[in-house]
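Biologist: I'm new to reading protein structures. Could you walk me through a few features, starting with the aromatic rings?

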Amino acid sequence: MKVKLLDLKAQYKNIEKEIDEAIKDVLESTQFIMGPNVKELEKEIADFTGVKYGIGVANGTDSLMLTLKALGVGSGDEVITTPFTFFASAEVTSVLGAIPVFADIDKNTYCIDPKSIEEKITEKTKAIIPVHIFGQMCDMDSIMDIAKRHNIPVIEDACQAIGAEYKGKKAGSFGVAGCYSFFPTKNLGCYGDGGMIVTNDQDLAEKIKMLRVHGSKVKYHHEVIGYNSRLDEIQAAILRVKFKYLNKYNELRREKAKIYNELLKDTPVVLPVEEKNYKHIYHQYSICVEKRDDMVSYLKNKGVATSIYYPIPVHLLKVYENLAYKKGDLPVTENICERVFALPMYPELPIEQQEYVVSCIKEFYNNK
Ligand SMILES: *Cc1c(COP(=O)(O)O)cnc(C)c1O
């Protein structure tokens, strides 16, 4: 049996007519930049998150970068984040000439460890970027408490967590801003690149809106040096169709996760931990095992696609050699990076395929 990591085609086929019509409507309207779909989607996603403003941008990376820029982060400043994430969470800080500072993660949830954040704060710390990794939120009460005591803004990297909750409140609604990515593989993905910032802070929203159109509020009246980073109208139209199904998709992912949990419960596999008061949306269903690389190649030979998020902790990437971290500095992250990998997970994943994946994992243990 062949099992894909995810199947975007299956999802498209289920909503093909609606998507095709939405795209055609934009083509007919010829409003390709900042049209009505971008405006409506910004409202819809702000409402969904439970905040006042949504600002569509070109991708998730820009949603983080424009927010940092609008907060005045620049040369010499420090931004604390996790090394257990996609590179972009740290890259944006470096692009602005500031220094990413890495805190270690919690060994159960793989999210940034609040205690480790507090240890890394200096007078240069200008922002904290917790990443809601794999679709489960960070311990936001502890993080917001630390941030308030030190008067440092929190930007939530919610690129993997649209719809995830902590104590009944949505990812993106805790910090000064939340950042979403609509990369095709994300829980709400478009058919290209896209991203959005959500915030309650009117002043911040205005600044980011300026930054995304070359630093201007009024066309040709440029007030600051900005960027060209807008959410594309065709992508916004696609996202408005898919957004209607987001809750359903997230619920289906949660069901698949339950099935895996049940099927895998008597194996040596370390399962994802969903903490009390948290709603995990399983952007990834990531497990930890000893002999990870052997298991991954065993599964590959059996036709099961898997992926390793993340094989190298960000603090040990070659590009950050200059920051002078060494092996052993962030031991929890380093240990998880050696053992973690993701199983196939998407809303349409057939149960027979999940059963097959787990039977292969059990076979791996029996053949040892
Ligand atoms: C995907 C992702 C990003 C970047 O989003 P893009 O839309 O690809 O630019 C940033 N942070 C995390 C945690 C992500 O998963």
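This is a predicted model: local features need pLDDT of at least 70, side-chain atom pairs count only at pLDDT 80 or more; totals for chains, interfaces and linings use all residues.

Biologist: How many aromatic pairs does a search of the whole structure find?

Modeller: The search turns up 18 aromatic pairs. Phe87 sits in the loop between strand 2 (78–81) and helix 5 (88–95), while Tyr320 is in the loop between helix 11 (292–301) and helix 12 (331–339). That pair links distant parts of the chain, 233 residues apart.

Biologist: Is Tyr320 buried or exposed?

Modeller: Here you need a cut-off: buried means under 20% relative accessible area. Tyr320 has 5% relative accessibility, so Tyr320 counts as buried. Phe87, at 25%, counts as partly exposed.

Biologist: Why is the pair of Tyr110 and Phe134 edge-to-face?

Modeller: Look at the angle, because planes over 60 degrees apart count as edge-to-face. The planes of Tyr110 and Phe134 are at 85 degrees, with the ring centres 6.3 Å apart, so that pair is edge-to-face. Tyr110 lies in the loop between strand 3 (99–102) and helix 6 (114–120), and Phe134 in the loop between strand 4 (125–129) and helix 7 (140–150). Both Tyr110 and Phe134 are buried.

Biologist: Okay, now charges. Which ring does the charged end of Lys169 sit over?

Modeller: That would be the ring of Phe174, with the charged end of Lys169 4.5 Å from its centre. Lys170 lies over the face of Phe48, 4.7 Å from the ring centre.

Biologist: And what about sheets? What is the order of the strands in the open sheet?

Modeller: Read it as 7-6-12: three strands, with antiparallel pairing. Strand 7 (169–170) and strand 12 (278–279) are at the edges, each with a single partner strand, so one side of each has no neighbour in the sheet. Strand 6 (residues 165–166) is joined to strand 7 by two bridges. Glu165 stands opposite Lys170 in strand 7, and Lys170 is the residue lying over Phe48.

Biologist: Last one, the surface. Which residues form a nonpolar patch there?

Modeller: Leu27, Phe32 and Ile33 do, with about 270 Å² of accessible area together. Leu27 belongs to helix 2 (residues 16–29), and its relative accessible area of 44% makes Leu27 partly exposed.

How values were computed
Residues are numbered from 1 along each chain as its sequence is written. Side-chain values use heavy atoms; hydrogens and water are left out. Patches are made of residues with over 30% relative accessible area and no salt bridge: like charges are joined within 9 Å, nonpolar side chains (Val, Leu, Ile, Met, Phe, Trp, Tyr) within 5 Å. Accessible areas come from the Shrake-Rupley method with a 1.4 Å probe; for residues, only the protein chains shown count as cover. A salt bridge is a side-chain nitrogen of Lys or Arg within 4 Å of a carboxyl oxygen of Asp or Glu. Helices (H or I, at least four residues) and strands (E, at least two) are DSSP runs, numbered from the N terminus. Buried means under 20% relative accessible area, exposed over 50%, partly exposed in between (1.4 Å probe, protein chains only). Rings of Phe, Tyr and Trp (its six-membered ring) pair if their centres lie within 6.5 Å; planes under 30 degrees apart count as stacked, over 60 as edge-to-face and the rest as tilted. A charge sits over a ring if NZ of Lys or CZ of Arg is within 6 Å of the ring centre and within 35 degrees of the ring normal. Two strands pair if DSSP finds at least two bridges between them.
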